Amino acid sequence: MTSYLGVQVSDPTLQNQFTQVELRSLKSKFTAVKNEKGKVTIGDLPSLLVTLKAFASTFKEEEVAGLLAQSFPDLTVDIDFEGFLRVYLNLQGQANAKSGHSKTASAFLKASITTLLHTISHSERALYVAHINSYLEDDPFLKQFLPLDPATNDLFDLAKDGVLLCKLINVAVPGTIDERAINCKKILNLWERNENHTLCLNSAKAIGCTVVNIGTQDLVEARPHLVLGLISQIIKIQLLADLNLKKTPQLVELVEDNTDIEELMSLAPEKLLLKWMNFHLGKAGYEKRVSNFSSDLKDGRAYAYLLNVLAPEHCNPATLDAKTALERATLVLDHAEKMGCKRYLKPTDIVEGSSNLNLAFVAQIFHRRSGLSTDGKKYAFAEMMTDDVQTSREERCFRLWINSLGATYCNNVFEDVRNGWILLEVLDKIKPGSVNWKHATKPPIKMPFRKVENCNQVIKIGRQLKFSLVNLAGNDFVQGNKKLILAFLWQLMRYSMLQLLKNLRSHSQGKEVTDTDILHWVNKKVRSMGRTSRIENFKDKSISNGIFFLELLSSVEPRVVNWNLVTKGESDDEKRLNATYIISVARKLGCSIFVLPEDIMEVNQKMILTLAASIMYWSLQKAVEEASSCNTCNATPDASPAPSVCGEDESSSIAGDVSSLTIDDAASDTTVSSSPFDNEEVTSAGGE
């Protein structure tokens, strides 16, 4: 295989307007419309552009043709790919103007990363650098490069190897990445860099970051707006990690009575932080209500009241009497520093209303001194409302999976699906065209029957997809029936996985894929490397020690598993080490998975199936792309840059792999009843 370069554009300014994911997609579509002479003309573009998501709802084909005619009188003139990209950007600007809004790429509170305008705040960059210097200064590997200088490109230079980003993810959510899987050397080759970035992106998704429009090549090149956008999401997750009742039960003090606790549990962390702030401002006698982290905090008065009630011993009476907002902001930061808050922002950042920096500042104040006590009765009621461990894990898995699709951001599955909208978006993504949007109502929804209508359409589509929906109606979603919601989401996620595998089969038989097929494939793959391990089904207790999945990963890419790090999996501690290593190695390959080590140790049937399916998808996709690369001689693999050293030509055997799988639809059924999943069975593949 040749080295991984991505789609290259000769004009660096033009190249920087797009991520590699976007460039590959646009290159593919541009190439598809070439005529028999291998050329594309201006006249070919209108029909192409209106099929792109960016313009489909904004322009009709004749409108695009009219706009192009203004710049290109002769529509028969040939245009190259770079010219097409410039046309795309120009049309995108006109689409933004037509819709009445523009895009920016620096928002700390936004999940998505845009590419048309790339504005970078130097104050925000300084905050991120200070945060990294503070939390990673003692890291055995990174301490040789720290502290970073925010005035230089130190941050971006260090981010190119991927180690920094992986370590930062582990600071935000400890234990997410097994650091044994990170390639830590002063000088990394191309493959090792890409492995680190692949591990980083898949792990970032697994903690709740949105990385829909970013690829490993974008991180290898350390594009500033993308690197900062990812770092900002990781830091936000860390800062808001304790903003929930499980981590901070004292938050129950924010509600008037027990009936409001459920609503409190459903709030997004940043909204909960605002609620906490307003709770103390109310006690302090502040006359206004803070509804955002920007304009409402510009004059510094809210901060002055908040700090006076939380740390009165450091109170400066002159703060409220300050003549200017800048003077007041300076006194506020002095007050915060006395109570232990590090000075990450400047007075001008408060006065200018930087939502990113203000959120970070308020979160820091909360961590230093929340000012909350625990009401015994409320605390007991909150404890009763918390989910059991298994339910919490499944909710987490489905929430992260939904967010990885780029749908409306989901904060709490059980609350956010009750109006049906997010489920409709997910259905539209995994089965395009399945949703009748004319019969759907977008939030906020005031009329309850509109929520039921949305959820009824979800059920209708589910039946069309042959989901088993016994005893499930749209109103079950509206009422928040947790067991039935989880049952539906499992079928939805499983359907999505099997469709991805089926689409790969278009290169061979195009048959449906079942759980039995996946089971047959993983056993066959392990056996192909001379191993004797096999599993009877996806709840086989032997899975708990991790050896089978490590052998499976080694069979699809031998170089990725370091067997010197593998334990025998005899004790719980050894099983956990193996399970953590499995997850990181799979993500390092390019598998998008949301399982936890506990899911492997306890052999959670559903999560084990998703892990196996993800590895199978990666392996077959890699084979398809390598075969395609050989056929076209100039195609670039997209799944993972790691070279195969298996000694097995998987691309030539893919047809045999997928066509030999047995089809057993009955083995894939999941029945939704009053106790979903109780009777789930995965039939063992026979005839191996």
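A pocket here is an open set of points on a 1 Å grid over the protein atoms alone, with protein on both sides within 12 Å along at least five of seven lines. The model described is predicted. Its second largest pocket holds about 680 Å³ of space. The protein chain has 688 residues, and 54% of them are buried. Its secondary structure comprises 31 helices and zero strands.

**Second largest pocket**

- The volume of the second largest pocket is about 680 Å³.
- A set of 23 residues lines this pocket, and those closest to its centre are Ser266, Ala268, Lys271, Asn411 and Asp416.
- Helix 14 supplies the largest share of the lining, with three residues.
- Sorted by class, the lining has twelve nonpolar, seven charged and four polar residues.

**Lys431**

- Lys431 sits in the loop that runs between helix 22 and helix 23 (448-464).
- The relative accessibility of Lys431 is 35%; this falls between the 20% and 50% cut-offs, so Lys431 counts as partly exposed.
- Beyond its neighbours within four places in sequence, Lys431 is in contact with Leu465 and Tyr495.
- Lys431 and Gln499 are separated by 68 residues in sequence, and their C-alpha atoms are 9.1 Å apart.

**Leu310**

- Leu310 belongs to helix 15, which spans residues 301-310.
- Leu310 has a relative accessible area of 7%; the cut-off for buried is under 20%, so Leu310 is buried.
- Setting aside neighbours within four places in sequence, the contacts of Leu310 are Trp276, His280, Ile365, Arg369, Ser370 and Gly371.
- Leu310 and Leu372 lie 62 residues apart along the chain, with 9.6 Å between their C-alpha atoms.

**Whole chain**

- Take the contacts between residues at least 6 apart in sequence: 65% of these join residues at least 24 apart.
- The protein chain exposes about 29800 Å², and 50% of that area comes from carbon and sulfur atoms.
- Buried residues account for 54% of the chain.

Notes: Residues are numbered from 1 along each chain as its sequence is written. This is a predicted model: local features need pLDDT of at least 70, side-chain atom pairs count only at pLDDT 80 or more; totals for chains, interfaces and linings use all residues. Side-chain values use heavy atoms; hydrogens and water are left out. On a 1 Å grid over the protein atoms alone, a cavity is a set of points where a 1.4 Å probe fits but cannot get out, and a pocket is an open set with protein on both sides within 12 Å along at least five of seven lines; lining residues have an atom within 4 Å of a point. Grid points are joined across faces, edges and corners, and a volume is the space filled by probe spheres set on the points. Helices (H or I, at least four residues) and strands (E, at least two) are DSSP runs, numbered from the N terminus. Ala, Val, Leu, Ile, Met, Phe, Trp, Tyr, Cys and Pro count as nonpolar, Asp, Glu, Lys and Arg as charged, and the others, Gly among them, as polar. Buried means under 20% relative accessible area, exposed over 50%, partly exposed in between (1.4 Å probe, protein chains only). Contact means heavy atoms within 4.5 Å. Accessible areas come from the Shrake-Rupley method with a 1.4 Å probe; for residues, only the protein chains shown count as cover.
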